[in-house]
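Morning, everyone. I'll take you through one structure today. Please bring it up on the screen.

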Amino acid sequence: MRINLASIHVDDQQKALRFYTEVLGFRKKTDIPMGEHSWLTVVSPEEPEGVELVLEPSDHPAVRPYKEALVADGIPFTSFAVADVQAEFDRLTKLGVTFTQEPASMGLVTTAVLDDTCGNLIQLAAMNDAVA
Amino acid sequence: MGDVFKALADPTRRAILDELQERNGQTLFEVCTRLISRHGLTSSRQAVSQHLDVLEAAGLVRTRREGRYKFHDLDTSPLRAITDRWQLPTD
């Protein structure tokens, strides 16, 4: 058994695809029409055969209040690994991305939290260099 | 207004004020993460939320809604009541 997928509920699949590819920099992996929605996944170009992120429609009535409650308290739905949080913050801010938490060192990691424009907050995290 | 002295009497609440002084405008998530990672405080999110309520009632923290997010800001002006009552040395 292995984990090959992670999923996130997005308010609008096409808008999400644009954000996750054109802004964050992931690549579309699968796009299979399934009625009103699609089976839509993206992967990191750093790991094209790695875990796929499913951009899943959030049309179930339970999803919206759940997402809204997380966002109100600033809680990220998931976290992506980056090499340099500050560099990503600078790059993404220039592209118009909103951050609810600017880069901050949190013990072993540096983190920041951004809005994916599709109803979720996403954490970016990088391990801090060990002090010799 | 709640009691400033009572609000300041708790070490977790003082740590929250320290963190907000370093950076204003934190979400509940950021406050919780800072308390855990920088102070080793393992209060539950609910407990931190209650601490923020006490600080807000004392006027030491103000909350602001910006779109769908809620941010917390430090407001030190209630501390003036302390130095008004017991004045600082003049030199």
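The largest cavity has a volume of about 40 Å³. Before going on, please remember that this is a predicted model. How many cavities of 30 Å³ or more are there? The count is one.

Lys67(A), Leu70(A), Val71(A), Ile75(A) and Phe77(A) line the largest cavity, together with Gly119(A), Asn120(A) and Leu121(A). Which helix gives the most to this lining? That is α2 of chain A, residues 63-72. Helix α2 supplies three residues.

Next, the largest pocket. Its space comes to about 630 Å³. The lining of the pocket holds 26 residues. Look at its centre. Nearest to it lie Phe26(A), Ser44(A), Glu46(A), Phe80(A) and Ala81(A).

Which elements build the lining of the pocket? Four elements of chain A each give at least two residues: strands β1 (5-10), β3 (37-43) and β5 (78-81), and helix α3 (85-94). The largest share is four residues, and these come from β5(A).

Start with Ala112(A). You will find Ala112(A) in strand β7, residues 109-115. Is Ala112(A) buried or exposed? Its relative accessible area is 0%, so Ala112(A) counts as buried; the limit for that is under 20%. What does Ala112(A) touch beyond four places in sequence? Val85(A), Phe99(A), Gln101(A), Glu102(A) and Pro103(A) are in contact with Ala112(A). Ile122(A), Gln123(A) and Leu124(A) are in contact with Ala112(A) too. Take Gln101(A) from that list. Gln101(A) and Ala112(A) are eleven residues apart along the chain, and their C-alpha atoms are separated by 5.2 Å.

Now Ile32(A). This residue belongs to strand β2, residues 27-34. Ile32(A) has a relative accessibility of 42%, so it counts as partly exposed. That class covers values between 20% and 50%. Setting aside residues up to four places away, Ile32(A) touches His37(A), Ser38(A) and Trp39(A). Remember Glu46(A) from the pocket centre. Glu46(A) sits 14 residues along the chain from Ile32(A), with 23 Å between the two C-alpha atoms.

Over to chain B. Its elements are five helices and two strands. In what pattern does chain B run along the sequence? Read along, the pattern is α-α-α-α-β-β-α. The C-alpha trace of chain B spans about 45 × 30 × 25 Å along its principal axes.

Chain B has 91 residues, and 40% of them count as buried. Consider the contacts in chain B with a separation of 6 or more. Of these, 54% are between residues 24 or more positions apart.

What about charge? Chain B carries 14 positive and 13 negative charges.

Ser37(B) is part of helix α3 of chain B, residues 28-39. With a relative accessible area of 27%, Ser37(B) is partly exposed. Which residues does Ser37(B) touch, leaving out those up to four places away? The residues are Met106(A) and Gly107(A). Finally, compare Leu79(B). Leu79(B) and Ser37(B) are 42 residues apart along the chain, and 27 Å separates their C-alpha atoms.

Terms used. Residues numbered from 1 in each chain as written. Chains lettered and ligands numbered in written order. Predicted model: local features only at pLDDT ≥ 70, side-chain atom pairs only at ≥ 80, totals over all residues. Heavy atoms only, no water. Buried < 20%, exposed > 50% of the residue type's maximum accessible area, 1.4 Å probe, protein only. Contact = heavy atoms within 4.5 Å. Lys, Arg positive; Asp, Glu negative; His and termini not counted. Charge placed at Lys NZ, Arg CZ, Asp CG, Glu CD. 1 Å grid on protein atoms, 1.4 Å probe; cavity = no way out; pocket = protein on both sides within 12 Å on 5 of 7 lines; lining within 4 Å. Points joined across faces, edges and corners; volume = space filled by probe spheres on them.
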